[in-house]
Amino acid sequence: MNCKGVLNELSEYLDGNLEPALIEELRRHLECCDDCRVVVDTTRKTIEIYCNTEPMPLPQGIRERLERTLAKKLKRPS
Amino acid sequence: MPAHLENEVTLIAAARAGNGEAFTTLVNQYDRNIYRVALNITGKQEDAEDVLQEAFLKAYTNLDSFRGNSRFYTWLVRIAVNEALMKLRKGRRDRSVSLDEPIATDDGESMPREIEDWGDSPEQSYAKTELQAILNGAMESLEPQFRTVVVLRDVENLSTEETAELLGLSVPAVKTRLLRGRLKLRERLNKYFKRG
Ligand SMILES: [Zn+2]
């Protein structure tokens, strides 16, 4: 596998959906190509960081306004 | 079934039967997530708040159509994403960006050249709010075609198939956008996270 091949398989590899034979080939390339190794590694971290973020608390007032809007609806039998 | 999901089934049943308090409990459980989806897709606080309200109103009205064969959260996310996409499309009608616009093929794309690694937990060098600002800024800077796909796949953890269905794209199109989007995000985070 060459650098272009790594790029094509990158997402499937990081998502754990790549066939074992291709994983083997990809890893062999990473052993001898620092560029690809760093890109694979930092892309994996990018995904992990986003996956692991908890949603922030809602900005001031939003929950109150939401509850008010819903309360109007909830009171009315539909 | 985990306790919180069992509890959720009970809450949904009660809400369906007209128990407003049960519905409010469900809302409070997910409003932060739904707001995040909305904000990530629309990129604007006012739009995100509208989407949040519309999504929960719609969810309440259509509670009977929730079949329980998917997670309630996934069902809510779908409603919110549809609302957010409508906003996004409306806001962009006379601009050139369209969500379903085909993106240029990959033929010219090559592996980015990168020699600087990030270290083990690069995000830990930032305080929580600072990190959040960096992550949001990077996400916002992506074009909507990429942002919507990355948000659904990597932030909300929907499957490729669910993402494709929601956005009205083919599975290969989702995969292409996901790869591009992830690489762009990586590139934008690089200056914050690289070592040294
Ligand atoms: Zn390479």
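Is Y73(B) buried or exposed? At 8% relative accessibility, Y73(B) is buried (under 20% relative accessible area is buried, over 50% exposed and anything in between partly exposed, with a 1.4 Å probe and protein chains only).

## Before you start

This is a predicted model, where local features need pLDDT of at least 70 and side-chain atom pairs count only at pLDDT 80 or more, while totals for chains, interfaces and linings use all residues. Residues are numbered from 1 along each chain as its sequence is written, chains are lettered from A and ligands numbered from 1 in the order in which they are written, and side-chain values use heavy atoms, with hydrogens and water left out.

## The aromatic cluster in chain B

Over all chains, the structure has 9 aromatic pairs (Phe, Tyr or six-membered Trp rings with centres within 6.5 Å; planes under 30 degrees apart are stacked, over 60 edge-to-face, the rest tilted). One of them joins Y30(B) and Y73(B), stacked at 5.4 Å centre to centre with 25° between the planes. Y30(B) sits in helix α2 of chain B and Y73(B) in helix α4 (residues 72-91) of chain B, so the pair ties together parts 43 residues apart in sequence. Helices here are DSSP runs (H or I, at least four residues), numbered from the N terminus.

F66(B) and F72(B) make an edge-to-face pair, because their planes stand at 80°, with the centres 5.4 Å apart. Ring pairs link Y30(B), F66(B), F72(B), Y73(B) and W75(B) into a cluster.

## Where chain B meets chain A

On the chain B side, 52 residues are in contact with 39 of chain A (heavy atoms within 4.5 Å). The two chains bury about 4400 Å² between them, 63% of it on carbon and sulfur atoms (accessible area lost on being put together, 1.4 Å probe, summed over both). In chain B, R32(B), M111(B) and R182(B) lose the most area to chain A, together 17% of what that side buries.

The interface also has 7 salt bridges (a side-chain nitrogen of Lys or Arg within 4 Å of a carboxyl oxygen of Asp or Glu). R32(B) turns up here too, bridging to E54(A) at 3.9 Å, N to O. As for helices, α2(B) gives the most to the side of chain B that touches chain A, with 10 residues.

N157(B) has a positive phi of about 60° although it isn't a glycine. N157(B) sits in the loop between α6 (144-155) and α7 (160-167) of chain B, and is partly exposed at 48% relative accessibility.

Technical notes. Helix = DSSP H or I, 4+ residues; strand = E, 2+ residues; numbered from the N terminus.
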